[in-house]
Amino acid sequence: MALSKTQTKRLGGILSVMFGDEIPDNLINILIQEGYVEISGDKAVLSAKGLDEKNRLCTLAGLNIS
């Protein structure tokens, strides 16, 4: 099953945060507002909700990312 455009964008942002990559400000702000990402000090980290969403979207896309 293919992910929708919204799901793909969300998964890309979540994985960028997870791996410490650069992420556009508008996308990080959306992820923070939706509760998937939290700011800890000067670093963005996944929340429990973000980790659950990453697992859900990876499963839908047929990916195995730990």
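Which residue of E2 does valine 37 stand opposite? Valine 37 stands opposite leucine 46.

## The model and its confidence

This is a predicted model, in which local features need pLDDT of at least 70, side-chain atom pairs count only at pLDDT 80 or more, and totals for chains, interfaces and linings use all residues. Residues are numbered from 1 along each chain as its sequence is written, and side-chain values use heavy atoms, with hydrogens and water left out.

The average pLDDT (the predictor's confidence in each residue, from 0 to 100) of the protein chain is 94. A score of at least 70 is reached by 98% of the residues. Confidence is highest in helix H1 (residues 5–19), with a mean of 96. It is lowest in strand E2 (residues 43–46), with a mean of 94.

## Overall build

The protein chain holds 3 helices and 2 strands. Helices (H or I, at least four residues) and strands (E, at least two) are DSSP runs, numbered from the N terminus. From that end, the order is α-α-β-β-α. The radius of gyration is 11 Å, close to the 11 Å of the globule rule for 66 residues, so the protein chain is as compact as a globular protein of that length. This radius is taken over C-alpha atoms, and the rule is 2.2 Å times the number of residues to the power 0.38.

The C-alpha trace spans about 35 × 20 × 20 Å along its principal axes. Of the 66 residues, 32% count as buried. Buried means under 20% relative accessible area, exposed over 50%, and partly exposed in between (1.4 Å probe, protein chains only). Contact means heavy atoms within 4.5 Å. Among contacts between residues at least 6 apart in sequence, 45% join residues at least 24 apart.

## Helix H1

H1 has 15 residues. From its first C-alpha to its last it reaches 21 Å, close to the 21 Å expected at 1.5 Å a residue. The expected span is 1.5 Å times one less than the number of residues. Glycine 20 follows H1 and has a positive phi, near 75°.

The buried residues of H1 include Leu11, Ile14 and Val17. What do the buried residues of H1 pack against? Their partners are helix H2 (25–33), strand E1 (37–40), E2 and H3. Glutamine 7 lies in H1 and is buried, because its relative accessible area is 18%. Leaving aside neighbours within four places in sequence, glutamine 7 is in contact with Arg56, Leu57 and Leu60.

## The strand hairpin

E1 and E2 run antiparallel, joined by 4 bridges. Two strands pair if DSSP finds at least two bridges between them. Isoleucine 39 has alanine 44 in E2 as its bridge partner. The hairpin has 2 residues between the strands. In this hairpin, glycine 41 takes a positive phi near 70°.

Isoleucine 30 sits in H2. Its relative accessible area is 34%, so isoleucine 30 is partly exposed. Isoleucine 30 and glycine 12 are 18 residues apart in sequence and 13 Å apart in space, C-alpha to C-alpha.

Glutamate 53 belongs to helix H3 (residues 48–61). Is glutamate 53 buried or exposed? Glutamate 53 counts as buried, because its relative accessibility is 8%. Its side chain makes a polar contact with the side chain of arginine 56 (3.0 Å). A polar contact is a pair of N or O atoms within 3.5 Å; within protein, one must be able to donate a hydrogen and the other to accept it, and residues adjacent in sequence count only if both atoms are side-chain atoms. Leaving aside neighbours within four places in sequence, glutamate 53 is in contact with Arg10, Ile14 and Tyr36.
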